[in-house]
Amino acid sequence: MNHRKRGIAFWLLAILLLLAGALLTGSPGRTESVQEAMRDAVLHDTGRISLFGLKEVNPGMISAIFTTVILLAAAVLARLLIIPRFQYVPGKLQLLLEETVGLFDRMAKENSPHRNGFLGLYIFSAGTYIFVGTLSELLGLQVITIHGHPITLPAPLSDINAAIALGCLSYLVILSGGIAGNGVRGIWKGLKEFSLPISMSFRLFGALLSGLLVTELVYYFVRLSFVLPVVVGVMFTLLHAVIQTYVLTMLTALYYGEVSEHIRHK
């Protein structure tokens with residue numbers, strides 16, 4: 001009981017100290033309106049970055065390149081250093097890798113029992129990219145814009161172009177499943193779901209961008225810019241990483257299984 005009272009007293013004291021810090025925090029001297037801050041977070045009009053001096057790109061492009069390099073390096077290291085040491089009785093790291101791969105493999109087999117080899121590979125790759133790419137936002141990596149201002153790299157899929165690309169790629173995978181399962185007739189079966197790339201793209205973009213905008217708003221207002229953005233940013237990032245990974249991979253597996261199912265003649 002004494003430990004519980006001490007714990008409650010500790011958290012109350014911490015909350016009071018954080019509240020006092022928030023009230024005493026001075027103005028950061030904002031030079032732009034909240035509308036301009038939100039617009040730049042979406043369109044990146046003033047936050048563009050030079051790509052090796054060749055072209056001006058959105059910061060999401062830099063995040064995408066960084067995430068891809070990290071995933072490829074991790075895959076190479078895992079293949080060379082970890083997988084050859086796998087044992088019959090798995091250790092913690094081996095168990096984690098096997099369960100992660102098994103999760104997507106089971107998802108593919110349950111939703112597409114007739115054709116699931118390539119499906120399992122794709123949803124594992126797409127899910128890993130979404131999850132790691134979203135979590136990369138927590139690193140707080142900063143780059144310099146073309147105007148000389150520092151900017152924190154966002155999640156790759158908070159850029160509408162990246163979200164559309166992944167949505168269209170998932171749709172093409174679904175369409176390929178229809179062709180593999182039913183030939184030319186599978187094309188018509190897949191084309192009936194023409195709204196999929198739009199819904200997938202804007203679902204990813206809207207969900208990931210919402211977390212970015214909420215964090216921007218919290219940072220913008222002086223009274224909320226003390227400690228709270230850390231909690232809000234981590235919470236939204238973790239939730240979006242898990243939820244969006246599950247949603248896109250599950251939808252892709254469901255529609256792939258539906259269109260690749262063999263059409264029986266009556």
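Leaving aside its neighbours within four places in sequence, with which residues is Ser170 in contact? This tour of a predicted model begins at that residue. Residues are numbered from 1 along each chain as its sequence is written, and side-chain values use heavy atoms, without hydrogens or water. Because the model is predicted, local features need pLDDT of at least 70 and side-chain atom pairs count only at pLDDT 80 or more, while totals for chains, interfaces and linings use all residues.

**First stop: Ser170**

Select Ser170, which is located in helix H6 (residues 160-182). Helices here are DSSP runs of H or I with at least four residues, numbered from the N terminus. Beyond its neighbours within four places in sequence, Ser170 is in contact with Tyr122, Met200, Leu248 and Thr252; contact means heavy atoms within 4.5 Å. The relative accessible area of Ser170 is 0%, so this residue is buried (buried is under 20%, exposed over 50%, partly exposed in between, with a 1.4 Å probe and protein chains only).

**Second stop: the second largest pocket**

Next, select Leu71, Leu97, Thr100, Phe124 and Thr128, the closest to the centre of the second largest pocket among its 29 lining residues. About 890 Å³ of space lies in this pocket. On a 1 Å grid over the protein atoms alone, a pocket is an open set of points with protein on both sides within 12 Å along at least five of seven lines, whereas a cavity is a set where a 1.4 Å probe fits but cannot get out; lining residues have an atom within 4 Å of a point. Grid points are joined across faces, edges and corners, and a volume is the space filled by probe spheres set on the points.

Colour helices H3 (59-82), H4 (92-111), H5 (117-135) and H9 (228-260), each of which supplies at least two lining residues. H4 gives the most, with nine residues.

Which side chains meet in a salt bridge? Select Asp105 and Lys109, with a distance of 3.2 Å from N to O. A salt bridge is a side-chain nitrogen of Lys or Arg within 4 Å of a carboxyl oxygen of Asp or Glu, and the structure holds one. Asp105 and Lys109 are about one helical turn apart because they stand four residues apart in helix H4. Asp105 is partly exposed at 29% relative accessible area, and Lys109 is partly exposed at 45%.

**Last stop: the largest cavity**

Finally, select Ser63, Phe66, Ser136, Glu137, Leu141, Leu153 and Pro154, which line the largest cavity. Its volume is about 40 Å³.
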